[in-house]
Amino acid sequence: MGKIIKVRAQDAEVGAYEKAYLPEITKGIGITLRHVVKNLFGGDEKYTRTVSYPEEKVEYPVRFRGAHRLTPREDGAPRCVACFMCSTACPARCINIVAEESDDPNIEKRPKVFEIDELKCIFCGMCVEACPEDAIRMDTGEHVKPFTNRADAVYGKVDLLSMLGRTEKNGEQPVYRGAHEHRARQAPQHSPEGTLPVQDEQPEDAH
Amino acid sequence: MGITKAHSGSDGEVLVTRKDDVQNWIKRLLNAKGPQTAVNWSRKNSLFQYPFVTACCGMEFMSVSCSRYDIARFGAEFPRFSPRQADLLIVVGTVVQKQAPILRRVYDQMAEPKWVIAFGACASTGGFYQNYAVVDGIDNIVPVDVYIPGCPPRPEQVLDGLMMLQEKISRETATKHPVIG
């Protein structure tokens, strides 16, 4: 049980000073005036300075959810395994995936089509959180440019793969935290020989 | 408007009114390349906007209009709350089925030339409202020139959209928005 704190409603104390009205009003106007003067003559302290946007850009925060991108493997193919987690999590249903069989025997599926409708997207970041392979990210630090046509807003696999994240732009090596990396770390602890335990085959039901 | 005389202009179009005489004079005064350049230049730098604000995107629209990002730098700072005086209809926010006829009426009341910006995911495509109540994109009701993505869009995206529209206006020919009203 938590401690119960009893609170009694109490009016703010109003003395003769407050009742005189003028000193308190002067105080209030003083604060307003201070901000006005600061923003008129403040120099670097100004905080209402206009950003002349196309020439001068405000840097976005590190966790700004910008345009999506698909992260690549070493060979340049997307890390996506077409598990449909992102499109299921998407509240706007803006992700369209068509899966196909992968050539790599270690990977079951890969996306044949991976499209994001950037106009439908609400930039909530659910797809990034749902992805088990760290294949989709919103770390480009760029906003999506406007469109004159709704068809242009559908970004395909090539468009999404071509964008770079913040780490790549800074010239650093990206660190991926997908299921592949996780399995690679966990594998020695689960099975020392590096093999998975083989289950006996269950006889199938007749119906 | 009184018809003065019909004669052929420099680029072959037929001028019929005194207004056209004046406009043609301005055109010849200011432009060397296309007949529409001077008019387009004037139009794109004085976009009187009608903000059709229905939802939360309006907050971000205020941020664009205010001093920090300041669309006055693009000549689009003047919100006219009468569609008759507006050039640019900015649809900001979700448009529901009941609001749709009103939007269409506002658009019809605007005088030519007129342009439309769909501001944000809801106005552009309906966003994540995929139900019976919400219009999935205002382009079902009115023609849209520029779609701005985002929920809500950042002020930078809006300014990008505005610049895109200005570029679009500067490329316009007489057939899209005729000078003769």
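Setting aside neighbours within four places in sequence, A:His68 is in contact (heavy atoms within 4.5 Å) with A:Ile116, A:Glu118, A:Cys121, A:Phe123, A:Cys127, A:Ile136, A:Arg137, A:Met138, A:Leu160 and A:Met163. The model is predicted, so to speak of local features takes pLDDT of at least 70 and side-chain atom pairs count only at pLDDT 80 or more, while totals for chains, interfaces and linings use all residues. Side-chain values use heavy atoms, with hydrogens and water left out, residues are numbered from 1 along each chain as its sequence is written, and chains are lettered from A and ligands numbered from 1 in the order in which they are written.

A:His68 sits in the loop between α2 (22–41) and β1 (69–70) of chain A; helices (H or I, at least four residues) and strands (E, at least two) are DSSP runs, numbered from the N terminus. With a relative accessibility of 1%, A:His68 counts as buried, the cut-off being under 20% relative accessible area (1.4 Å probe, protein chains only). Its side chain makes a polar contact of 3.0 Å with that of A:Glu118. Such a contact is a pair of N or O atoms within 3.5 Å; within protein, one must be able to donate a hydrogen and the other to accept it, and residues adjacent in sequence count only if both atoms are side-chain atoms.

As for the chain around this residue, chain A has seven helices and five strands, running α-α-β-α-β-β-α-β-β-α-α-α along the sequence. Of its 207 residues, 30% are buried. Among contacts in chain A with a separation of 6 or more, 65% are between residues 24 or more positions apart.

Turning to cavities, the whole structure holds three of 30 Å³ or more. A cavity here is a set of points on a 1 Å grid over the protein atoms alone where a 1.4 Å probe fits but cannot get out, and lining residues have an atom within 4 Å of a point. Points are joined across faces, edges and corners, and the volume is the space filled by probe spheres set on them. The largest cavity has about 90 Å³ of space. It is lined by 13 residues, with A:Cys80, A:Cys83, A:Cys86, A:Cys131 and A:Ala135 the closest to its centre.

The second largest cavity, at about 60 Å³, belongs to a lining that includes B:Phe61, B:Ile90, B:Phe119 and B:Leu162. In chain B, α3 (57–65), β4 (88–92), β5 (115–119) and α6 (155–170) each supply at least two of the lining residues.

Conventions: 1 Å grid on protein atoms, 1.4 Å probe; cavity = no way out; pocket = protein on both sides within 12 Å on 5 of 7 lines; lining within 4 Å. Buried < 20%, exposed > 50% of the residue type's maximum accessible area, 1.4 Å probe, protein only.
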